[in-house]
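Me: I would like to go through a few labels and ask what stands behind each.

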Amino acid sequence: NLPATSGASQPAKKIPSLPGSARALLGDIFSLGQDEVGKWEPPPPHLMPKRDELLRWSTTLEKLLEPAPSGHIGGLVRIMANSMAMRSGQTQEMASRNDGWLLACGILPADLWTEGCTELLKTKTFMPSPGELMAIVGRKFGERRRMLERAQLLLGADPKAGKPKSFEPE
């Protein structure tokens, strides 16, 4: 795996984990052979977790959705640029390349950046585009956002009042 930070002297940030019970209750529903996410329904009252547990899940999901620091993103883009061949026309300066990656994928959390870039380094020969990173981790990121919305809905948030804090650009 790639380093969790861009500097060797900085400790890696601990990635919070969500318990399996939260994933089972809040996760996306898929039908066999279908790519589309099924309709999620809240659990019946007798299966509803306690409020403090839902609050912990919601807090964990918010942490799992925090965007990666720009230094982490720049470090990963630099690793890919130094490790892969450039396609014709891929000769931009590193600063402008980082700006493009930040614009396209800046909302992704550090663990998904690392996961996606590791996969790209394993499977690609030429420097990929931000869209290729989103193709690898976009579904997982989207599910995290939907899980947070569902947790907040179970906590009594008004779905018409707007989306929960999910670090989306405005």
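Reply: A polar contact is a pair of N or O atoms within 3.5 Å; within protein, one must be able to donate a hydrogen and the other to accept it, and residues adjacent in sequence count only if both atoms are side-chain atoms. This is a predicted model, in which local features need pLDDT of at least 70 and side-chain atom pairs count only at pLDDT 80 or more, while totals for chains, interfaces and linings use all residues. Residues are numbered from 1 along each chain as its sequence is written, and side-chain values use heavy atoms, with hydrogens and water left out.

Me: What makes the pairing of the side chains of Asp 28 and Arg 146 a polar contact?

Reply: The distance is 2.5 Å, against the limit of 3.5 Å. The side chain of Asp 28 also makes a polar contact with the side chain of Arg 150, at 3.0 Å.

Me: How do you know how α3 and α5 are oriented to each other?

Reply: Helix α3 (residues 70-83) and helix α5 (residues 110-123) pack at about 5 degrees. Angles under 35 degrees count as roughly parallel, so α3 and α5 are roughly parallel to each other.

Technical notes:
Axes fitted to C-alpha atoms, helices over the stretch in contact; angles between N-to-C directions. Helix = DSSP H or I, 4+ residues; strand = E, 2+ residues; numbered from the N terminus. Parallel < 35°, antiparallel > 145°, perpendicular 65-115°, else oblique.
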